[in-house]
Each structure stands twice: as C-alpha cells, then as structure tokens.
Amino acid sequence: MMVRKVTLKTIIGYASVNFLGGGAQLLISLWLMYFYTTMCNLSAVQAGLIFTVARLLDAVGNPIMGFITDNFRNTRLGRKFGRRRFFILMGVPTVAIVYPLLWITGQSFTYYLIMNLLYEIIFTMVIVPCSTLPAEMTQDAGDKAKLTGAKQFTGTIANFVASFIPGQFFLMYGKNSPEAFWITGLVYGLLTAFTLLLVWAFTFERDPKEVEYNSNIGSVWSILPQICSDVASSMRIKTFRLHCVLMGVGGIFKNLTTGVFTYFVIFVLMLDTVATANITSVMAFVAPVALMFYIGTCYKYGGPVTYKISTIFVFASLFGYYVLTTGISTGLVMMVTIFAIINTIGRTGIDYVPVFQLAFIADVDEAVTGQRREGLFSGVNSLLSKIATAVEAALLGFVLQAYGFKAGVTVQPESAVLGITVLTIATPFLLLGITWIASTRLKLNKERHKILVDEVHRLRAGGSMEDATIEAKTAFKELTGWEYKECWGNNNVVRTKIHNTNQVAG
C-alpha cells in the first residue's frame, strides 16, 4: 500500500486554515465588540451576550462535529469527498457570505446574534475537521511539528494582515467610520474563502483501509449519549485533562487580553483607533519571529517548558502595562508598543503550545483505548476554545457594564477606566497562575511520545504486553495516567473495546 508523504504543498495547504482560525478570529477579538458598543449602539452587556450565547450554543456542536467527521465515511458524500475535507469545501462560500455581514451598522440585537451564531457554526464546521488532519496525514512527530508549526506561522501572517487592514481603511474613511469596518469584513471574508480552497486542494486524509468505521451509527438520539460518553472518556486521559486546562484557561486569557486591549489603549491610555491599529500591526509582525523560537523550543523541550517561558514574558508585560497607567505621557505610543510586543511574545507561546500538543493526544489515547479518535479530541478541543471565548466575552461585557462603561461615548468615567485596567492586568495574572500549575504536571515531550508510539506499534503488530520495557510502562503511566496493565483496551474508557489477544502484564 502506497503511503502518501507530507510535502511542502501539503504543509502550505494545511497551514492556510489559520487565515480563518487565526486572522478572522483576531479581527473579531480586536474590533467587533468595540464596533458593536461604539458604532451600533449596543451596551457592553448586549455585545457580550451576543458572543457568549452564540459561542455557547455552537460549543455544543463541536463534539458533535467531531463525531460526525469520524463517521462521515459511511455516507455517499463522505466516500466521494472525504470524511474531513468535504466540510472544508463547504466552508468556502459560506465564509465569504457570512463574515462581511457581521460588520454592518444599524441592525438589531437579534440580527447581530443570528449572524454571529451562523459564523460560529461555519467556523466549527471547518476547524474541527481541519484540526484532525495532522493525525490523519502522518504519525511522524517531525511531520506533525512541521504541520502545526507552519499552521501557527501562517496564523501570525494572517494576524498581521487582519491587524493591518483596519488601520488602512481608518485612514481612508475616517478614524470612527462604519464604512471602514464594513470594507474590512468584506475584504477579509473573501481572502479567507480563498485560503480555505487551498486547504481543500492540498491536504489529504488517512487511507480508509487503515481506519475502522462503525457501520451502524444510529439515530441522533443514540448519537448524543455516545457523544457525551466519548467526551467524558476523553477526560480520563491525563495528558488531555491537563491540556484542557492550558487550552481552556489559557484561551480565556488569550481572548480577554486581545479583546480588552483595544479598550485599554483607547479609553485608558487615550490613543485613537489608528494608533491602536498600528500597534496591533506591529504586534502581529513580531509574532512570527517569536513563533520560530517556540516551534524549536516545543520540539526540543516539550510543551510544558515552553508554556512556562511564555508565561514569564506575559508577566513582564503586565507589569509594564501597570507602569503606563501611572500617568506617563512622554513617548507613550513607543512604550505601549514595546510592552505590547513583550506581551505578544508571551501570548504566541501560550497560543502555540496547545496547538502543538493536540496532534499528539490521539496517540496517547490510542495507548489506552486501542482506537483512533482524532475527531473526538479535535471536537472537545474546539469545544473548550468556544467555551473560553464565551467566558471571555461574558467577562468583558459584564465587568465593563458593572464598572459603568458607557456605549457610544469617546471618554469613559473613571470607574469604567478602572474596570478596563483590572481586566487588562490583574485578571490575566490570575488566569496564567492556574495554567502554570497545570504545566508543571504535564509530561508530554517528544522522547516520551516516541516511546509510547513505538510500544503501540509493537502491540498492534501482535506483541505481548508481558514483553514491555520499563521505559514503555513508565511513559504509558506518565502520559495516560493509567497503569500499563490497564492500557491497550484493558479498561472501560470506551464502550467498544479492541480485540486484544495479548497477555496483560502484571
């Protein structure tokens, strides 16, 4: 059987998805809530509710989407277009239509809620299957690192484009022009649709002969309990539990820091939208350089060490932000830019580590269950991402409102300025403290991963568990949280167990 190789074209195709997963999301985080509260006459609570409700409702669809893509090969469309790539192709026209509709003024709260809900559904329809592609295309740690690294690197390019575009349209149409936001949404929506075409054209899936499918999926009422069971089972894998803390809590930090930054620069430091856009463009320009460092660090030392290094950078930037609130005016733009760059260096690592780790989770799970469940972990991972953004939106909206934020005004009361400052400095410090603790318990690195994968291959080839080495047993324990003798299907993690004829090591 011929094995397809991961080529440069494959890497470019897969990485292009981050024009949706990175740039489009950054544009929303930086400007959409600000747009709603200053241009669309929505209160901070209303704007926060739009993002919270849309993302929580769609969050339910993430594990469902993972389940669907895992089993889509059973359908005629799945056999013709692929169980993952079919949904990527569907995202091309829908993103081009819906994304610009988010940026229209003069509409009702209901309109903005529906549009955001539609967009989140489209986002999930594309991102969940895309997240499974590294595990679909290769089991080689080096190839996975190249794919995830290229994806993250492309994300930084997309972030720069998404940060750069608004500033140019602000200069063309005015610093507070609704037209500038609408044109920004239109241009970036069309660009994202084109990049999804590249993803669909240049990627591939695992040979169907290598994957076992359930030919009797059942009705939706039988699927939902299975999904709940699968999600619960995913939390029984130690590496994934700790990964969820980094992904979830770190995601709240990442989204909150991005979302509140516009408010912090404009209402606390009293700079304008053009200056804000220019600063965010510089931040996006610096991110690729930082990412190159983190790619090498992750591959050499593992995600946990890299995460701690990233956290130190963020803590330093938070101290800098605090200094800026003491009344410094000389060289303010330069100082904001410097501390924002430091913050970006840290956030780049915090964003990259969970992406890097996700490609290895299915291998750890296979050691426990004997099954390949990439779609499940991708779905749960996206679920956590959506919950994180929902929590961030609710936190930002309700805290701003509680501190007296006024919609549609250029100068905020002192109480609102204090609330923005708390969200910018104190809250991120607390969130990253939690993830620091989780990172100290996470043991995933390339050495342990290789030991685990080699042992899984040996068992799948018919090797006996009695012949396992001490190193293999230790790696299984540290990564899965299960004793070696309880792994490889000798447990109740999933309902359907593998046919295991190996003897279990005592």
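**A salt-bridge network**

Glu366 forms a salt bridge with Arg460, their closest N and O atoms lying 2.5 Å apart; the term denotes a side-chain nitrogen of Lys or Arg within 4 Å of a carboxyl oxygen of Asp or Glu. Because Glu366 belongs to helix H14 and Arg460 to helix H17 (residues 446-460), the pair ties together parts that are 94 residues apart in sequence. Helices are DSSP runs (H or I, at least four residues), numbered from the N terminus.

The model is predicted: local features need pLDDT of at least 70 and side-chain atom pairs count only at pLDDT 80 or more, whereas totals for chains, interfaces and linings use all residues. Residues are numbered from 1 along each chain as its sequence is written, and side-chain values use heavy atoms, with hydrogens and water left out.

Glu366 is buried, at 4% relative accessible area, while Arg460 is partly exposed at 48%; buried means under 20%, exposed over 50% and partly exposed in between (1.4 Å probe, protein chains only). Glu366 also meets Arg372 in a salt bridge, at 2.6 Å from N to O, and Arg372 is partly exposed at 22% relative accessibility.

A further salt bridge joins Lys144 to Asp363, with the closest N and O atoms 2.8 Å apart. This pair links distant parts of the chain, Lys144 in helix H8 (residues 141-173) and Asp363 in helix H14 (residues 332-369), 219 residues apart. Lys144 is buried at 0% relative accessibility, and Asp363 is buried at 1%.

Lys144, Asp363, Glu366, Arg372, Glu374 and Arg460 are linked in a network of salt bridges. The count for the model comes to 14 salt bridges.

How values were computed: Helices (H or I, at least four residues) and strands (E, at least two) are DSSP runs, numbered from the N terminus.
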